[in-house]
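Please consult the sequence and the model while reading.

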Amino acid sequence: MHQHDTSTEVLTQAVVRYAVDRVRLDPPPLDGPRTLTELRAMAGRTVTPQGLGGLEALRVFGDVLAPACISVDHPRFLSFVPAAPTEASVLFDLVVGACSIYGGSWLEGGGAVFAENEALRFIADAAGLPAEAGGVFVSGGTAGNLSALIAARWRWRQRAGGRHDRTRGLIISSKGAHSSIAQACRAMDTDEVQVTADAEGRLHPEHLRAAVAALSAEDRDRVFAVVATCGTTNAGVIDDLTAAADVAAELGVWFHVDGAYGGAGLLAPSVRSRYDGIERADSFIVDPHKWLFAPFDSCALLYRDPEVARRAHTQHAEYLDVLHGGEAEWNPSDYAHHLSRRARGLPFWFSLATHGTDAYRDAVETTLAVAKGGARLIADAPHLELIMEPELSVVLFRRVGWTGQDYQAWSDRMLAEGQAFVVPTAWAGEPVLRYCVVNPRTTLDDIRLIVDSLA
Ligand SMILES: *Cc1c(COP(=O)(O)O)cnc(C)c1O
């Protein structure tokens with residue numbers, strides 16, 4: 001298994017060719033899910049004492065398993081938050097896998113960590129965070145939000161000098177916040193006050209202040225963070241970050257900004273002013289695997305004062321202590337709830353280094369223009385109604401006269417026909433349609449196809 005012989009050579013050619021052919025497909029087939037029973041029958045037994053051989057295992061993957069995975073980068077995959085990794089980033093992902101890099105410490109992975117930190121610096125600059133800001137790439141927004149809030153709670157307890165070591169903490173977020181915030185609170189045994197959002201799902205400054213005013217003195221003492229979202233997942237709207245930062249400052253607590261989806265909009269001059277206040281964040285996340293054209297899985301987690309995060313997260317063990325205590329080296333393991341890690345920021349870094357940051361700015365603007373152009377098509381279509389003007393690249397709309405079942409039947413048919421993947425969502429308790437554009441290959445004609453299919 002560990003020597004390179006002629007059969008490995010054959011397999012190398014086949015695997016690399018498979019990967020390169022997939023990257024070349026424009027567009028890739030949309031594909032679609034199969035049931036467990038279907039996959040059992042089609043794939044047969046794959047893990048056997050003697051092994052299938054690499055070429056046969058690759059055949060099973062290519063013929064049976066890959067087609068049972070929807071291509072997230074298809075230009076008409078517009079559900080949830082799609083992905084659209086650049087060719088450079090996907091190809092470099094192969095290299096990262098081949099290089100056996102341990103991305104947790106400077107001692108073992110310094111070259112990779114250096115490059116990842118360059119990419120993090122680019123994001124920190126886009127957000128206007130200070131020169132000392134820094135962080136780490138984690139698996140996704142869920143891991144990033146949890147790690148940021150663990151650091152926030154650590155600082156609150158530290159500042160309380162022991163008074164809050166056993167106090168259950170409390171965070172203030174909004175109804176528009178992503179489910180991973182509530183999940184982080186469950187994991188941390190923390191309470192969450194979700195402030196009522198405005199009609200479009202933004203954190204509402206007056207409701208925020210009212211919610212704080214309504215807290216008992218004891219509860220106010222338990223608050224350790226205010227969480228705002230720049231780009232809610234369901235509606236793509238940006239909270240009033242300045243108001244949220246003000247409230248966090250008045251309470252003397254941590255200000256966390258979740259930009260897992262929408263943080264990429266920082267690069268687009270056309271919407272940049274909407275993010276004012278983000279430069280005051282104590283922590284900020286954005287997923288390059290969403291709207292920054294990197295492969296899964298990748299979330300950039302940044303801290304204003306990384307030293308707080310390091311003290312909150314560093315693991316101590318006899319066998320690890322050799323990693324600590326050198327000069328001011330950067331050990332990515334110390335900045336999140338993890339230890340071993342893939343250098344998962346490298347595909348993003350490689351693509352940034354290849355194409356330059358202007359290309360990223362332009363690509364984000366392209367997707368914004370298509371999303372907004374599509375909203376105009378919807379507003380002009382007699383059979384459709386736009387629910388709100390899009391602020392970023394999420395568009396919510398309804399088909400006049402349709403029920404939830406009608407939406408689902410249409411959505412299933414579009415996927416079965418390989419046309420598009422657009423699933424219904426809910427807005428104000430009503431089933432509606434939603435699309436999210438993060439793929440620069442998605443064109444206005446793609447949206448037109450969807451609009452016409454709903455007539
Ligand atoms: C997608 C998303 C998350 C979760 O990110 P994962 O990478 O899926 O874990 C968190 N917050 C927001 C706003 C998101 O859009």
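Arg202 is found in the loop that runs between strand E3 (191-195) and helix H8 (205-213); helices (H or I, at least four residues) and strands (E, at least two) are DSSP runs, numbered from the N terminus. The model is predicted: local features need pLDDT of at least 70, side-chain atom pairs count only at pLDDT 80 or more, and totals for chains, interfaces and linings use all residues. Residues are numbered from 1 along each chain as its sequence is written, and side-chain values use heavy atoms, with hydrogens and water left out.

Arg202 has a relative accessible area of 15% and is therefore buried; buried means under 20% relative accessible area, exposed over 50%, and partly exposed in between (1.4 Å probe, protein chains only). The side chain of Arg202 reaches the backbone oxygen of Ile238 at 3.4 Å. Such a polar contact is a pair of N or O atoms within 3.5 Å; within protein, one must be able to donate a hydrogen and the other to accept it, and residues adjacent in sequence count only if both atoms are side-chain atoms. When neighbours within four places in sequence are left aside, Arg202 is in contact with Ala197, Val237, Ile238, Asp239, Arg274 and Glu391, where contact means heavy atoms within 4.5 Å.

## Domains

The chain is divided into domain 1 (1-30 + 33-65), domain 2 (101-354) and domain 3 (357-453). These bounds come from an automatic or database domain assignment. Between the C-alpha centres of domain 1 and domain 2 the separation is 38 Å.

Asn145 is placed in helix H6 (residues 141-159). With a relative accessible area of 0%, Asn145 is buried. Not counting residues up to four places away in sequence, Asn145 touches Ser180, Ile181, His256, Asp258 and Ile285.

Ala112, in helix H5 (residues 106-127), also counts as buried, at 8% relative accessibility. Residues up to four places away in sequence aside, Ala112 touches Ile101, Ala343 and Leu346. Ala112 and Val96 are 16 residues apart along the chain, and their C-alpha atoms are separated by 9.3 Å. Val136 belongs to strand E1 (residues 134-138) and counts as buried at 1% relative accessibility. Its contacts, not counting residues up to four places away in sequence, include Leu120, Cys299, Ala300, Leu301, Pro332 and Tyr335. Val136 and Val438 are 302 residues apart in sequence, with a C-alpha to C-alpha distance of 23 Å.

## Packing of H13

In helix H13 (residues 346-355), the residues Leu346, Pro347, Phe348, Ser351 and Leu352 are buried. The buried residues of H13 pack against helix H4 (87-98), H5, E1, helix H11 (288-291) and helix H14 (357-380). Just after H13, Gly356 adopts a positive phi of about 85°.

## The H15 and H16 pair

Two packed helices are described by the angle between their axes and the distance between the axes. Helix H15 (residues 404-416) and helix H16 (residues 444-453) pack at about 130°, and their axes are 12 Å apart. That angle makes H15 oblique to H16. Axes are lines fitted to C-alpha atoms, for helices over the stretch in contact, and angles run from 0 to 180 degrees between N-to-C directions. Angles under 35 degrees count as roughly parallel, over 145 as roughly antiparallel, 65 to 115 as roughly perpendicular and the rest as oblique.

H15 passes H16 in a right-handed crossing; a crossing is left-handed if the near helix is turned anticlockwise from the far one by less than a right angle, and right-handed if clockwise. Trp410, Arg413 and Met414 of H15 meet Leu449, Ile450 and Ser453 of H16.

## Backbone features in loops

Asp26 and Pro27 are joined by a cis peptide bond with omega of about 0°. Pro27 lies in the loop between helix H1 (6-24) and helix H2 (36-43). The peptide bond from Phe296 to Asp297 is likewise cis, with omega near -10°, and Asp297 lies in the loop between H11 and strand E7 (299-303).

Phe293 is found in the loop between H11 and E7. Although not a glycine, Phe293 has a positive phi of about 65°, and its relative accessible area of 3% makes it buried. Ser100, in the loop between H4 and H5, has a positive phi near 50° and is a residue other than glycine. Ser100 is exposed, with a relative accessible area of 68%.
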